[in-house]
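Colleague: Please take a close look at one residue in this model. Then set that residue against the chain as a whole.

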Amino acid sequence: MDDTARPPRSSTDDGLRDRWRACLVAARGGAEDPDPLPYAANLLDRWAEPQRKYHTTAHLVAVLDHIDTLAQYAADPDAVRLAAWFHDAVYRPDRSENEERSAALAERALPEAGVPEAVTAEVARLVRLTVTHDPAAGDLDGEVLCDADLAILAASPRQYAAYAAQVREEYGFVPDDAFREGRATVLRQLLGLPRLFRTPYGAEHWEPRARQNLLTELELLSH
C-alpha cells in the first residue's frame, strides 16, 4: 500500500510504531538497521483490516500493556512482545489456520528484519502456542504471552460485555443457535481448566474475576 492510500496516522498507531521499534531493536541486540518502520506499517495494516472487531489494534495495545505488567516473569520479554505483534497478524474468523499463518509470517519477516534465528524461532513457537493457550510447566515466555492474551477475560463486566459483543460481530456469518452452542463449548472448556492464568500475577489478580465473567456469559447464552 502506498502512502497516498493509507488512512491518516493516529496517535495510537504512532505509539505502536514506537513500541515496535523498541522491541525489534532490543531483539536484534541494539542494531538500528534495517529500518523497523516498514515492518510496523505492514503489521498495522493487517491489524486494521475491516473484518476485525475485537482483534484490532486496541487488542494489540492491551496485550502489549499486559506483557509490560508481566514482563518480570518472562525469560525473554522482547521475544514475547514480538510474538504479541504477530499472534493475530493473520486473522480471518472463517478460517482455522490463523495462528499457523501468523507464525509463518513471523518466520519470513523477522529474519529479513535482522532478528537472530533463535529469537525468530521462539517468536514463532509462542504464536503457535496461542492455539491452545496451554504452555508447558516452566515455559515462562509462554505463560506470559498466554496470560496477556487472555487478560480480557478478567476485565470489568462492562468491558467484558463489549468484548463478547465484538466477538459475536466477528462471527456474524454464523447463525445465532450455532454461535451460542459453539461459544458455550469454548466457555465450558475454559471454566474446566485448573487455572486460566499461569503467572503469579495473573493467578492472583485476574483468575477470580475471569471465572465470574465466563460464568455470567455462559448463563446469558442459555437464555
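Modeller: Helices (H or I, at least four residues) and strands (E, at least two) are DSSP runs, numbered from the N terminus. On that count, the protein chain has 11 helices and zero strands. Its pattern along the sequence is α-α-α-α-α-α-α-α-α-α-α.

The model is predicted, so local features need pLDDT of at least 70, side-chain atom pairs need 80 or more, and totals for chains, interfaces and linings use all residues. Numbering runs from 1 along each chain as its sequence is written, and side-chain values use heavy atoms, without hydrogens or water.

The residue I pick is Asp139. It sits in the loop between helix 6 (117-129) and helix 7 (140-150). Its relative accessibility is 13%, so Asp139 counts as buried (under 20% relative accessible area; exposed is over 50%, partly exposed in between; 1.4 Å probe, protein chains only). Leaving out residues up to four places away in sequence, Asp139 touches Arg125 and Leu129 (contact: heavy atoms within 4.5 Å). With Arg125 there is also a side-chain polar contact of 2.8 Å (N or O atoms within 3.5 Å, one able to donate a hydrogen and the other to accept it; residues adjacent in sequence count only if both atoms are side-chain atoms).

Now the cysteines. The whole structure holds zero disulfides (cysteine sulfur atoms within 2.5 Å). The sulfur of Cys23 has its closest cysteine sulfur in Cys146, 18 Å away, so the two are too far for a bond. Cys146 is likewise in no disulfide. Cys23 is buried because its relative accessibility is 2%. Cys146 is buried as well, with a relative accessible area of 2%.

Next, the whole chain. The C-alpha trace spans about 55 × 45 × 30 Å along its principal axes. Of the 223 residues, 46% count as buried. Among contacts between residues at least 6 apart in sequence, 64% join residues at least 24 apart.

Last, confidence. Mean pLDDT (the predictor's confidence in each residue, from 0 to 100) is 94 for the chain, and 96% of its residues reach 70 or more. Residues 1-8 have pLDDT below 50; beyond near neighbours in sequence, this stretch has four contacts in the model.
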